[in-house]
Amino acid sequence: DAYHSLDSRFRNDGYLSEPHHALSGDESVVAVKLLGYEETYLINTRDGSLKSLITIEDSDSLFAQMVLSGDGARLAVVYSNILSQDTKASVSVIDVQTNSIISSFELAYTGAFFSEFTQDGTLICGSYNYSNWDDDSGDVSMQLTCHDIEQGTVLWTSEVSAERSMFDLYISKIRLLYSEESGSHILLTVENRVFVFDLATGVKITEMVAPSTITGSTMNVDTGLFVYTTYMGQVKWSNMYTGREYKEYDFSVPSQILAMVGGSAHMLLVPDDAKSIMVYSYVEAPGQEKIHEFDPDEYIGLWQVSPDGKYLLIERNLSDATSVYVFDTNSGKIIGQKELPALTRCAAFSENGLLFGMTDDSVQYYDFEKDTVETVMSKADSYFTYYTNTSKTYMVLSQYDRLRIISVETRKIVFDTTLNQEQFVAVSENADYVILSGGDGLFAIRTGDGSRIAFDEHIALM
């Protein structure tokens with residue numbers, strides 16, 4: 001009965017932390033570090049103002065990651081040198097208000113792979129022995145630690161090992177899980193292993209070993225139900241809180257599985273044969289069916305899931321044609337198929353359609369209800385670079401001398417300005433502000449009136 005409540009937020013696999021920016025838990029502060037410089041800007045996301053300028057001094061190790069606490073008051077900076085067998089990864093925690101280091105400590109191993117503040121303000125860090133290439137078994141030691149920043153103490157340590165692939169250690173997912181029903185946990189998926197730890201004590205609750213590398217997974221954080229796919233084509237079921245395996249629901253497909261979209265009522269599988277997409281239903285009766293057969297002469301271009309997980313977009317290309325297919329992830333049915341005048345470079349879902357940025361520098365809109373494609377903007381006289389905000393509700397069209405922002409929902413231009421040897425950097429979530437870089441460094445524009453906001457300090461971008 002818990003099958004239908006698998007969490008669709010777990011649809012995006014592939015753990016990759018962006019080292020040069022961080023967002024506070026309440027999303028009120030964003031930290032941006034510029035490559036090659038010691039300074040880090042902390043920007044108020046509500047009005048675009050510069051909250052603080054933090055100096056991150058050079059270390060013997062390479063800058064690896066930074067994370068902000070829930071309220072944005074503390075910044076943890078992680079250093080790691082994965083090529084060194086002697087230099088351990090280290091962490092410095094900075095008080096944003098005073099720009100002072102309040103805690104510094106080393107991690108167990110050379111490679112840092114995770115750091116995040118918990119809801120109660122402690123800091124979880126992960127490191128692994130990346131440089132241990134001489135071990136013929138291929139085992140990599142991994143350690144998670146919980147740090148009380150106020151007291152400067154380690155609350156707990158938990159260590160596990162995983163067998164690395166030939167060239168790298170593949171960590172596909174690590175999450176802090178919060179549930180009123182089941183408590184707080186840590187989920188770690190690495191290579192073909194899944195671990196669940198108790199967040200308060202670090203005790204390993206369960207460990208599961210898959211037949212091959214895990215390529216996708218989804219989980220119900222309240223019940224522990226965990227469904228995952230493997231590179232060798234298996235779809236397997238278990239409970240990561242109890243360790244129980246539901247082998248009666250396991251099945252395989254005759255193809256390697258590259259990715260999956262899980263949650264809600266169905267699971268969409270993307271096989272490696274490039275001919276079909278399959279849907280697996282686990283609500284009424286477990287089973288699978290092929291929902292579409294692609295032309296084998298086509299190849300996949302862009303593929304994307306809508307932010308709410310309701311739709312899956314697949315672009316298929318021939319030498320002289322581009323087609324887009326839209327699937328309803330709840331029913332598994334194809335709801336639209338249309339030909340486009342060129343290849344796509346960017347796509348963003350509206351409530352009832354898709355806005356495309358094209359390689360011919362035009363903007364097209366596919367209306368699901370009307371089943372029509374309309375030209376929002378004709379071919380430009382110079383090359384476009386396309387960007388979006390985080391939730392993909394606005395599309396940014398950047399040229400060498402002009403920048404425009406289009407609302408994905410209305411398809412109207414909400415901001416238009418000329419550029420004077422300036423480059424786009426970022427747009428705020430509600431498109432009230434856009435950050436640019438120019439000869440004098442970083443600055444913001446208030447899109448409502450076009451006024452420019454100069455930061456208190458400036459540095460040139462590389």
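Me: What relative accessible area does lysine 392 have?

Reply: Relative accessible area sorts residues into buried (under 20%), exposed (over 50%) and partly exposed (in between), using a 1.4 Å probe and protein chains only. Lysine 392 counts as partly exposed because its relative accessible area is 26%.

Me: At what pLDDT do side-chain atom pairs count?

Reply: Residues are numbered from 1 along each chain as its sequence is written, and side-chain values use heavy atoms, with hydrogens and water left out. This is a predicted model, in which totals for chains, interfaces and linings use all residues, local features need pLDDT of at least 70, and side-chain atom pairs count only at pLDDT 80 or more.

Me: Lysine 392 lies in a loop; between which strands?

Reply: A strand is a DSSP run of E, at least two residues, numbered from the N terminus. The phi angle of lysine 392 is near 60°, which is positive although the residue is not glycine. The loop that holds lysine 392 runs between β33 (385-388) and β34 (394-398).

Me: Phi of alanine 431 is also positive; what value is it near?

Reply: Alanine 431 is in the loop between β37 (423-427) and β38 (433-438). At 5% relative accessibility, alanine 431 is buried. Alanine 431 is a residue other than glycine, and its positive phi is near 65°.

Me: How many salt bridges does a search of the whole structure find?

Reply: A salt bridge needs a side-chain nitrogen of Lys or Arg within 4 Å of a carboxyl oxygen of Asp or Glu. With that rule, the number found in the whole structure is 9.

Me: How many residues apart in sequence are the parts tied together by arginine 193 and glutamate 207?

Reply: These two side chains meet in a salt bridge, with 2.6 Å from N to O. Arginine 193 sits in strand β15 (residues 193-198) and glutamate 207 in strand β16 (residues 204-209), so the parts tied together are separated in sequence by 14 residues.

Me: Which residue joins Arg193 and Glu207 in a network of salt bridges?

Reply: Arginine 193 is partly exposed at 23% relative accessibility. Glutamate 207 is partly exposed too, with 36%. The network of salt bridges links Arg193 and Glu207 with Lys204.

Me: Is lysine 236 buried or exposed?

Reply: Lysine 236 makes a salt bridge with aspartate 250, and their closest N and O atoms are 3.0 Å apart. Lysine 236 is in strand β19 (residues 234-239) and aspartate 250 in the loop between β19 and β20 (251-252), so the pair ties together parts 14 residues apart in sequence. Aspartate 250 is partly exposed at 22% relative accessibility. Lysine 236, at 19%, counts as buried.

Me: What relative accessibility does aspartate 361 have?

Reply: Aspartate 361 and arginine 345 meet in a salt bridge of 3.1 Å, N to O. Aspartate 361 lies in the loop between β30 (353-358) and β31 (363-367), arginine 345 lies in strand β29 (residues 344-349), and the two are 16 residues apart. Arginine 345 is partly exposed at 30% relative accessibility. Aspartate 361 counts as buried because its value is 10%.

Me: In which loop is tyrosine 231 found?

Reply: Tyr231, Met232 and Leu258 make a nonpolar surface patch of about 300 Å². Such a patch consists of nonpolar side chains (Val, Leu, Ile, Met, Phe, Trp, Tyr) joined within 5 Å, in residues with over 30% relative accessible area and no salt bridge, and areas come from the Shrake-Rupley method with a 1.4 Å probe, only the protein chains shown counting as cover for residues. Tyrosine 231 is partly exposed at 35% relative accessibility. Its loop is the one between β18 (225-230) and β19.

Me: How far apart are the C-alpha atoms of threonine 410 and threonine 393?

Reply: Threonine 410 is in the loop between β35 (402-407) and β36 (413-418). Threonine 410 is partly exposed at 43% relative accessibility. Threonine 410 and threonine 393 are 17 residues apart along the chain, and their C-alpha atoms are separated by 9.9 Å.

Note on methods
Helix = DSSP H or I, 4+ residues; strand = E, 2+ residues; numbered from the N terminus. Patch = residues over 30% accessible without salt bridge, like charges linked within 9 Å, V, L, I, M, F, W, Y side chains within 5 Å.
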